[in-house]
Amino acid sequence: MDLIIPTISQGLLWSLLAIGVYLTFRVLDIADLTVEGSFPLGAATAASLLLSGHSPVTAILGACFTGMLAGVVTGILCTKLKIPALLAGILTMIALYSVNLRIMGKANLPMLQTDTIFTMVNIPGFDKQLMILAIGFIVVLIVSVISYWFFGTEIGAAVRATGYNPHMIRANGVNTDITVILGLLLSNGLVAISGALVAQSNGFADVGMGVGTIVIGLASVII
(Lines give C-alpha, C1' and ligand atoms only; values in the text may rest on other atoms or scores of the structure.)
Protein backbone atom coordinates (compact mmCIF):
# COMPACT_ATOMS: atom_id res chain seq x y z
CA MET A 1 0.00 0.00 0.00
CA ASP A 2 2.93 2.35 0.62
CA LEU A 3 3.72 2.02 -3.09
CA ILE A 4 0.24 1.74 -4.57
CA ILE A 5 -1.37 4.82 -2.99
CA PRO A 6 1.39 7.33 -3.98
CA THR A 7 1.51 5.83 -7.47
CA ILE A 8 -2.25 6.20 -8.01
CA SER A 9 -2.17 9.68 -6.45
CA GLN A 10 0.49 10.91 -8.86
CA GLY A 11 -1.22 9.10 -11.73
CA LEU A 12 -4.46 10.98 -11.10
CA LEU A 13 -2.65 14.33 -11.20
CA TRP A 14 -0.84 13.41 -14.41
CA SER A 15 -4.04 12.06 -15.97
CA LEU A 16 -5.18 15.64 -16.64
CA LEU A 17 -2.12 15.92 -18.89
CA ALA A 18 -3.25 12.75 -20.68
CA ILE A 19 -6.74 14.18 -21.19
CA GLY A 20 -5.25 17.39 -22.60
CA VAL A 21 -3.01 15.47 -25.00
CA TYR A 22 -5.97 13.29 -25.96
CA LEU A 23 -7.96 16.38 -27.01
CA THR A 24 -5.32 17.44 -29.50
CA PHE A 25 -3.90 14.08 -30.59
CA ARG A 26 -7.15 12.13 -30.95
CA VAL A 27 -9.91 14.72 -31.22
CA LEU A 28 -8.17 17.42 -33.27
CA ASP A 29 -5.65 15.05 -34.89
CA ILE A 30 -2.77 17.40 -34.01
CA ALA A 31 0.50 16.43 -32.31
CA ASP A 32 0.78 19.51 -30.08
CA LEU A 33 4.21 19.99 -28.49
CA THR A 34 3.01 23.07 -26.61
CA VAL A 35 2.35 20.81 -23.61
CA GLU A 36 6.09 20.66 -22.86
CA GLY A 37 5.90 24.39 -22.19
CA SER A 38 2.38 24.74 -20.79
CA PHE A 39 2.95 22.05 -18.13
CA PRO A 40 5.80 23.93 -16.40
CA LEU A 41 3.93 27.17 -17.17
CA GLY A 42 1.07 25.99 -14.97
CA ALA A 43 3.53 24.94 -12.27
CA ALA A 44 5.41 28.25 -12.42
CA THR A 45 2.22 30.33 -12.32
CA ALA A 46 0.77 28.37 -9.40
CA ALA A 47 4.02 28.50 -7.42
CA SER A 48 4.43 32.23 -7.97
CA LEU A 49 0.84 32.97 -6.95
CA LEU A 50 1.10 30.78 -3.84
CA LEU A 51 4.34 32.43 -2.74
CA SER A 52 2.69 35.81 -3.32
CA GLY A 53 0.03 34.95 -0.76
CA HIS A 54 -2.83 33.89 -3.01
CA SER A 55 -5.05 30.90 -2.23
CA PRO A 56 -4.35 27.47 -3.82
CA VAL A 57 -7.62 27.64 -5.79
CA THR A 58 -6.66 31.03 -7.22
CA ALA A 59 -3.25 29.62 -8.12
CA ILE A 60 -4.82 26.72 -10.02
CA LEU A 61 -7.23 29.02 -11.86
CA GLY A 62 -4.35 31.34 -12.75
CA ALA A 63 -2.36 28.38 -14.05
CA CYS A 64 -5.34 27.29 -16.16
CA PHE A 65 -5.66 30.80 -17.61
CA THR A 66 -1.99 31.05 -18.60
CA GLY A 67 -2.14 27.56 -20.11
CA MET A 68 -5.13 28.61 -22.19
CA LEU A 69 -3.20 31.64 -23.42
CA ALA A 70 -0.36 29.35 -24.52
CA GLY A 71 -2.86 27.23 -26.45
CA VAL A 72 -4.32 30.31 -28.11
CA VAL A 73 -0.84 31.41 -29.22
CA THR A 74 -0.20 28.01 -30.80
CA GLY A 75 -3.62 28.10 -32.42
CA ILE A 76 -3.00 31.53 -33.94
CA LEU A 77 0.40 30.46 -35.26
CA CYS A 78 -1.19 27.36 -36.77
CA THR A 79 -4.37 28.84 -38.25
CA LYS A 80 -3.70 32.49 -39.00
CA LEU A 81 0.00 32.35 -39.89
CA LYS A 82 -0.35 28.94 -41.59
CA ILE A 83 2.58 27.44 -39.68
CA PRO A 84 2.39 23.62 -39.49
CA ALA A 85 0.89 22.49 -36.18
CA LEU A 86 3.99 20.57 -35.12
CA LEU A 87 6.29 23.54 -35.74
CA ALA A 88 3.83 25.96 -34.11
CA GLY A 89 3.87 23.85 -30.95
CA ILE A 90 7.67 23.77 -30.95
CA LEU A 91 7.87 27.55 -31.32
CA THR A 92 5.47 28.14 -28.44
CA MET A 93 7.25 25.54 -26.30
CA ILE A 94 10.62 27.23 -26.79
CA ALA A 95 9.16 30.68 -26.12
CA LEU A 96 7.50 29.47 -22.92
CA TYR A 97 10.89 28.49 -21.47
CA SER A 98 11.79 32.19 -21.20
CA VAL A 99 8.27 33.05 -20.01
CA ASN A 100 8.50 30.47 -17.22
CA LEU A 101 11.86 31.84 -16.09
CA ARG A 102 10.38 35.33 -16.09
CA ILE A 103 7.35 34.25 -14.03
CA MET A 104 9.41 32.42 -11.38
CA GLY A 105 12.39 34.76 -11.42
CA LYS A 106 14.70 31.76 -11.18
CA ALA A 107 14.92 28.18 -12.36
CA ASN A 108 13.37 26.59 -9.26
CA LEU A 109 10.78 27.73 -6.73
CA PRO A 110 10.41 25.68 -3.50
CA MET A 111 7.02 25.60 -1.77
CA LEU A 112 7.85 23.43 1.23
CA GLN A 113 6.55 25.93 3.80
CA THR A 114 3.62 27.12 1.70
CA ASP A 115 0.02 25.99 2.07
CA THR A 116 -1.19 24.12 -1.01
CA ILE A 117 -4.54 22.68 -2.02
CA PHE A 118 -3.46 19.41 -0.40
CA THR A 119 -2.70 21.01 2.97
CA MET A 120 -5.56 23.52 2.88
CA VAL A 121 -8.07 20.87 3.98
CA ASN A 122 -7.26 18.94 7.14
CA ILE A 123 -9.26 15.72 7.52
CA PRO A 124 -8.48 13.51 10.54
CA GLY A 125 -7.00 10.18 9.48
CA PHE A 126 -5.92 11.46 6.07
CA ASP A 127 -2.19 11.80 5.50
CA LYS A 128 -0.75 13.76 2.56
CA GLN A 129 -0.86 10.87 0.09
CA LEU A 130 -4.49 10.07 0.87
CA MET A 131 -5.34 13.76 0.53
CA ILE A 132 -3.62 13.89 -2.86
CA LEU A 133 -5.53 10.78 -3.88
CA ALA A 134 -8.88 12.20 -2.79
CA ILE A 135 -8.41 15.67 -4.31
CA GLY A 136 -6.92 14.22 -7.50
CA PHE A 137 -9.91 11.90 -7.89
CA ILE A 138 -12.37 14.76 -7.35
CA VAL A 139 -10.60 17.04 -9.86
CA VAL A 140 -10.35 14.30 -12.50
CA LEU A 141 -14.03 13.41 -11.99
CA ILE A 142 -15.11 17.05 -12.40
CA VAL A 143 -12.95 17.50 -15.52
CA SER A 144 -14.24 14.25 -17.03
CA VAL A 145 -17.90 15.14 -16.47
CA ILE A 146 -17.46 18.67 -17.86
CA SER A 147 -15.54 17.35 -20.88
CA TYR A 148 -18.19 14.71 -21.57
CA TRP A 149 -20.90 17.36 -21.39
CA PHE A 150 -18.99 19.89 -23.51
CA PHE A 151 -18.26 17.51 -26.38
CA GLY A 152 -21.93 16.62 -26.50
CA THR A 153 -22.87 20.23 -27.18
CA GLU A 154 -23.03 21.83 -30.64
CA ILE A 155 -19.68 23.59 -30.20
CA GLY A 156 -18.05 20.43 -28.84
CA ALA A 157 -19.39 18.42 -31.77
CA ALA A 158 -17.91 21.01 -34.14
CA VAL A 159 -14.50 20.62 -32.46
CA ARG A 160 -14.70 16.83 -32.82
CA ALA A 161 -15.79 17.12 -36.44
CA THR A 162 -12.85 19.42 -37.17
CA GLY A 163 -10.47 16.62 -36.29
CA TYR A 164 -12.38 13.90 -38.11
CA ASN A 165 -13.28 15.72 -41.33
CA PRO A 166 -12.36 19.43 -41.57
CA HIS A 167 -13.55 19.72 -45.17
CA MET A 168 -17.04 18.51 -44.27
CA ILE A 169 -17.45 20.72 -41.22
CA ARG A 170 -16.10 23.70 -43.17
CA ALA A 171 -18.66 23.05 -45.89
CA ASN A 172 -21.36 23.26 -43.21
CA GLY A 173 -20.37 26.82 -42.40
CA VAL A 174 -18.14 26.24 -39.35
CA ASN A 175 -14.97 28.30 -39.03
CA THR A 176 -12.39 25.57 -38.40
CA ASP A 177 -9.78 28.12 -37.33
CA ILE A 178 -11.91 28.95 -34.29
CA THR A 179 -12.54 25.30 -33.41
CA VAL A 180 -8.81 24.48 -33.66
CA ILE A 181 -7.92 27.41 -31.40
CA LEU A 182 -10.68 26.38 -28.98
CA GLY A 183 -9.40 22.80 -28.87
CA LEU A 184 -5.83 23.92 -28.21
CA LEU A 185 -7.07 26.35 -25.57
CA LEU A 186 -8.91 23.61 -23.66
CA SER A 187 -6.06 21.13 -24.04
CA ASN A 188 -3.33 23.40 -22.71
CA GLY A 189 -5.60 24.67 -19.95
CA LEU A 190 -5.93 21.11 -18.65
CA VAL A 191 -2.20 20.51 -19.02
CA ALA A 192 -1.45 23.67 -17.01
CA ILE A 193 -3.84 22.53 -14.25
CA SER A 194 -1.97 19.23 -14.17
CA GLY A 195 1.33 21.11 -13.85
CA ALA A 196 -0.06 23.25 -11.02
CA LEU A 197 -1.30 20.20 -9.10
CA VAL A 198 1.93 18.25 -9.62
CA ALA A 199 3.98 21.23 -8.44
CA GLN A 200 1.88 21.59 -5.29
CA SER A 201 2.15 17.85 -4.69
CA ASN A 202 5.94 17.79 -5.14
CA GLY A 203 6.51 21.01 -3.21
CA PHE A 204 8.39 22.85 -5.94
CA ALA A 205 8.17 24.20 -9.48
CA ASP A 206 11.07 23.79 -11.87
CA VAL A 207 11.60 25.27 -15.30
CA GLY A 208 12.69 21.89 -16.66
CA MET A 209 9.83 19.81 -15.29
CA GLY A 210 8.07 19.80 -18.67
CA VAL A 211 10.79 17.86 -20.47
CA GLY A 212 9.34 14.61 -21.78
CA THR A 213 5.72 15.37 -20.85
CA ILE A 214 4.56 14.94 -24.45
CA VAL A 215 5.99 11.41 -24.40
CA ILE A 216 4.15 10.64 -21.17
CA GLY A 217 0.93 12.09 -22.57
CA LEU A 218 1.13 10.22 -25.89
CA ALA A 219 2.02 6.98 -24.13
CA SER A 220 -1.02 7.40 -21.86
CA VAL A 221 -3.29 8.03 -24.85
CA ILE A 222 -1.94 4.99 -26.69
CA ILE A 223 -2.37 2.76 -23.64
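Modeller: A residue is called buried under 20% relative accessible area, exposed over 50%, and partly exposed in between, with a 1.4 Å probe and protein chains only. The areas come from the Shrake-Rupley method with that 1.4 Å probe, and for residues only the protein chains shown count as cover. This is a predicted model, in which local features need pLDDT of at least 70 and side-chain atom pairs count only at pLDDT 80 or more, whereas totals for chains, interfaces and linings use all residues. Residues are numbered from 1 along each chain as its sequence is written, and side-chain values use heavy atoms, with hydrogens and water left out.

Biologist: What is the relative accessible area of leucine 91?

Modeller: Leucine 91 is found in helix H4; helices (H or I, at least four residues) are DSSP runs, numbered from the N terminus. Not counting residues up to four places away in sequence, leucine 91 touches Leu77 and Ile83, where contact means heavy atoms within 4.5 Å. Leucine 91 is classed as partly exposed because its relative accessible area is 38%.

Biologist: Is threonine 45 buried or exposed?

Modeller: Threonine 45 lies in helix H2. Beyond its neighbours within four places in sequence, threonine 45 is in contact with Gly62, Ala63, Thr66 and Ile103. Its relative accessibility is 8%, so threonine 45 counts as buried.

Biologist: Which residue pair forms a salt bridge?

Modeller: A salt bridge requires a side-chain nitrogen of Lys or Arg within 4 Å of a carboxyl oxygen of Asp or Glu, and by this rule the count comes to one. The pair links distant parts of the chain, 97 residues apart, with one partner in the loop between H3 and H4 and the other in helix H9 (residues 176-202). The closest N and O atoms are 3.7 Å apart, and the partners are lysine 80 and aspartate 177.

Biologist: Against which helices do the buried residues of H10 pack?

Modeller: In helix H10 (residues 213-222), the residues Thr213, Ile214, Gly217 and Val221 are buried. They lie on the same side of H10 because they cover an arc of only 100° around the axis, the arc being that of the directions from the helix axis to the C-beta atoms. On the other side of H10, Val215 and Ile222 are exposed. The buried residues pack against H1 and H2.

Biologist: What is the phi of aspartate 29?

Modeller: Aspartate 29 is found in the loop between H1 and helix H2 (35-51). Aspartate 29 is exposed because its relative accessible area is 58%. Its phi is positive, in a residue other than glycine, and is near 60°.

Biologist: At which residue does helix H1 bend?

Modeller: The bend at a residue is the angle between axes fitted to the seven residues ending there and the seven starting there. Helix H1 (residues 4-27) bends by about 30°, at leucine 13.

Biologist: Which residues make the nonpolar surface patch?

Modeller: Patches are made of residues with over 30% relative accessible area and no salt bridge; like charges are joined within 9 Å, and nonpolar side chains (Val, Leu, Ile, Met, Phe, Trp, Tyr) within 5 Å. One member, leucine 141, lies in helix H6 (residues 128-150) and is partly exposed at 45%. The patch has an area of about 740 Å² and is made by Phe137, Ile138, Leu141, Ile142, Val145, Ile146 and Trp149.

Definitions and conventions
Helix = DSSP H or I, 4+ residues; strand = E, 2+ residues; numbered from the N terminus.
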